[in-house]
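Q: Please take a close look at one part of this protein: a pair of packed helices. Start with some background on the whole chain, then go into detail.

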Amino acid sequence: MLGMAACAARPNLLLATCYCVRLANELILYQSVSISMKYVLIILIALLGAAAWYFKDRMLLSPHDSYYSALLRENLKATAEQWKMEAEQSLAAPLRISLPYSERRLLEADYLQPITFAFDRKMDELIQISIFPSINTRADVFVDVFYVRDAATEPKRIGSIAAREQQIKIAAEHTGQYLVRIQPSHAAQGLMDIAITSPLRYGFPVDTERENAVQSLFGVDRDGGARRHEGIDIFAPRGTPVIAAEAGQVARVGDTPRGGKNVWVRGDQRSFYYAHLDSIAVSPGDSVVRGEVLGTVGNTGNAVTTNPHLHFGIYKFAQGAIDPLPLVGRKKLVTNYTLPQVELAPRWLSIKTDKANLRSGPSLKTVAVTSVMRGELLQVDAIAGEWLRVKTGNRTTGFIARSLTEIPSESILTLTENYVAFYLPDEFSPVIGNFSAGDKLPTMGRFGEFALVKLPGGVYAWAKVAKQEKPAQN
Ligand SMILES: [Zn+2]
């Protein structure tokens, strides 16, 4: 039993259970324990197994789930529920973007709603999310990645991070829609850059930066339709280095009628096939790193009548040939993604024109989701290059070109009734004063049912005004 006690004290319960089962088996095998002892051991093993199972589930909580639980434990039930509800609402109403996408977000305790972005990826493509908080930013940002099989099924979470971890890289397991939800902690403060990119999964297999190197695509007919092209052809002058797209071990080197001089590299649960080489620089069993020279471009095998090119194929375990193009790109890339420089924007802006469209994404090619009129305020949530991600007074989120916006000018609003002065454009927010009928006050514009009005003393407050209260133009 001493052995049992020692193994129960081990921190990893799953390992401990395995260890105990083995120990029990040995003890039983050598008949060094009595029959009743055997049952005691079996019960103990079952208990340990149950404990391991329980803790395994606890350990699988995402940082998002853990933060929600932490709020509950700190007796911030209302905050926790609000935080969770906003997360669910955001996930149900994603904004479509194309990658790469980046935005700069000013985090203020009062304006911390989560945002969910949607985009399509092909199987095996990478999704990379990077978080760059500015110095002294006091925030956790919870990033959750979901795969949407179809409209009828709930999005399936496939990855999570908290901002401290800075970066997450996930390979798409299926072709389809993916969601990225970004939610700051409830009292966050600071500045945060967020980038969602899709770096190429593998390196380009030929040392060439020329355009149009890839000329024959995956899946096109071969031998008069008898078979499909199980790779891509990359054209380059004879002698151009053929380089490993991914690290692995050289499994085979050969010279065959179809592929000519060829190299197979096994790695990352896939086999990489390089064919029609002019010369081969590796031997079976060699370990290669990404970018290592495997040989040179040629036209051996059945390519003897065509210009020198590399036939490059990727074969996935238990699946066969897959299209390499989305995974390696069209030429060797030399630059990495860098965050664009963006200027901050004020929290509240209005439009320069009489009317402007809000779009579903940061591009003129996306659809208009709603329109806004002059005098309406837009709440700026983030800056995405030349575009702003904003919210309208009826809580519609969309993008507007920054060039269409301006700092709102003041006009004078004459109040016809007594109003309460709210801290935020929300009637559940703190009341910070009163407006009286007859007050003539500078106003910046309207946001839904609220007008942003300057109180005597220079403090801004929100008045929930009747519809007919319109500022006089001055
Ligand atoms: Zn080919």
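A: A residue counts as buried if 20 or more other C-beta atoms lie within 10 Å of its own. By that rule, buried residues make up 33% of the 474 residues in this protein. The model is predicted. It has six helices and 34 strands. Take the contacts between residues at least 6 apart in sequence: 65% of them join residues at least 24 apart.

Now the helices. Two packed helices are described by the angle between their axes and the distance between the axes. Here the pair is α4, residues 63-73, and α5, residues 77-92. Their axes come within 7 Å. They cross at roughly 155°. Angles over 145 degrees count as roughly antiparallel, so α4 is roughly antiparallel to α5. The crossing is left-handed.

Which residues make the contact? From α4 come Tyr68, Leu71 and Leu72. From α5 come Lys77, Thr79, Ala80, Trp83 and Lys84. Sort these residues by type, and five are nonpolar, one is polar and two are charged.

Strand β30, residues 419-422, is joined to β31 by four bridges. These two strands run antiparallel. Tyr419 stands opposite Phe435 in β31.

Conventions. Residues are numbered from 1 along each chain as its sequence is written. This is a predicted model: local features need pLDDT of at least 70, side-chain atom pairs count only at pLDDT 80 or more; totals for chains, interfaces and linings use all residues. Axes are lines fitted to C-alpha atoms, for helices over the stretch in contact, and angles run from 0 to 180 degrees between N-to-C directions. Angles under 35 degrees count as roughly parallel, over 145 as roughly antiparallel, 65 to 115 as roughly perpendicular and the rest as oblique. A crossing is left-handed if the near helix is turned anticlockwise from the far one by less than a right angle, and right-handed if clockwise. Two residues are in contact if their C-beta atoms, placed from the backbone, lie within 7 Å. Ala, Val, Leu, Ile, Met, Phe, Trp, Tyr, Cys and Pro count as nonpolar, Asp, Glu, Lys and Arg as charged, and the others, Gly among them, as polar. A residue is buried if 20 or more other C-beta atoms lie within 10 Å of its own, exposed if 12 or fewer, and partly exposed in between; C-beta atoms are placed from the backbone. Two strands pair if DSSP finds at least two bridges between them.
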